[in-house]
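Here is a friendly tour to read with the model open beside you.

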Amino acid sequence: MYAVNEIFYSLQGEGFNTGTPAVFVRLSGCNLRCRFCDTDHSHGEQMSLPQIMEEVASYGAVGLVVLTGGEPALSVDDALVAGLKSLGKRVAIETNGTRPLPEGIDWVTLSPKEGFAGGDAEPCVLSECDELKVVWQGQNLAQYGHIKAKYRFLQPCYSDDAAAREANLRETVETVLRNPDWRLSLQTHRLLGIR
């Protein structure tokens with residue numbers, strides 16, 4: 001059984017796969033308590049693997065499934081990955097990197113949270129990913145230099161305060177311009193008003 005917060009169909013709003021239609025399987029719970037977390041992942045219902053597979057399959061020919069949370073690596077296992085892949089899906093995960101991942105995941109988005117209040121409870125143990133997506137609040141990028149990633153993204157940390165949000169966006173853009181091995185990621189789902 002898996003604690004599932006929600007399963008929904010939308011466009012990937014962040015990082016390398018921005019704009020790609022995907023089924024999102026949001027698992028409940030997280031081992032960190034980052035003050036900037038924008039997702040209520042605390043609630044959920046217990047679902048069996050066949051129930052999850054049935055709901056994912058109900059969205060038809062969508063090729064990408066994104067395992068997200070909270071922290072999905074707390075409950076994702078070989079059986080869940082294999083079950084989703086048996087449906088012909090490409091499986092991606094969005095993780096804080098504090099737990100090892102099961103085999104067979106096609107795309108790993110690592111978003112380490114060390115250095116933030118609530119995010120420093122456990123260290124990042126992953127050192128390799130497909131994309132490294134850093135929520136930007138002015139931290140030193142050198143701390144991520146040891147992580148092997150095909151792509152590196154800086155994403156401005158969202159704030160409800162419009163002036164703070166705009167200032168952080170400008171700082172993020174300037175940081176990417178000074179560090180051209182990084183790319184800008186925006187939360188386009190927020191801009192579009194979709195999930």
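How much space lies in the largest cavity? About 80 Å³. This is a predicted model, in which local features need pLDDT of at least 70 and side-chain atom pairs count only at pLDDT 80 or more, while totals for chains, interfaces and linings use all residues. Residues are numbered from 1 along each chain as its sequence is written, and side-chain values use heavy atoms, with hydrogens and water left out.

**The cavity**
- A search of the whole structure turns up one cavity of 30 Å³ or more (a cavity is a set of points on a 1 Å grid over the protein atoms alone where a 1.4 Å probe fits but cannot get out, and lining residues have an atom within 4 Å of a point; the volume is the space filled by probe spheres set on the points, which are joined across faces, edges and corners).
- Among the residues lining the largest cavity are Gln12, Asn17, Trp107, Glu131 and Lys133.
- The lining divides into four nonpolar, four polar and four charged residues (Ala, Val, Leu, Ile, Met, Phe, Trp, Tyr, Cys and Pro count as nonpolar, Asp, Glu, Lys and Arg as charged, and the others, Gly among them, as polar).
- Strands β4, β5, β6 and β7 each supply at least two lining residues (strands are DSSP runs of E, at least two residues, and helices are runs of H or I, at least four, numbered from the N terminus).

**The helices**
- In α1, Leu49, Ile52, Met53 and Val56 are buried (under 20% relative accessible area with a 1.4 Å probe, protein chains only; exposed is over 50% and partly exposed in between).
- Seen down the axis of α1, these buried residues fall within an arc of 95°, so they line one face of the helix (the arc is that of the directions from the helix axis to the C-beta atoms).
- On the face of α1 turned away from the buried side sit the exposed residues Pro50 and Glu54.
- In α2 (residues 78-86), the buried residues are Leu80, Val81, Gly83 and Leu84.
- Down the axis of α2, its buried residues fall within an arc of 165°, so they too line one face of the helix.
- They pack against β1, α1, β4 and β5 (contact means heavy atoms within 4.5 Å).

**The strands**
- Eight of the nine residues of β7 (residues 128-136) are buried.
- Strands β6 and β7 run parallel, joined by two bridges (strands pair if DSSP finds at least two bridges between them).
- Leu110 has Leu132 in β7 as its bridge partner.
- β7 also pairs with β8 (residues 148-156) in the parallel sense, over eight bridges.

Methods: 1 Å grid on protein atoms, 1.4 Å probe; cavity = no way out; pocket = protein on both sides within 12 Å on 5 of 7 lines; lining within 4 Å.
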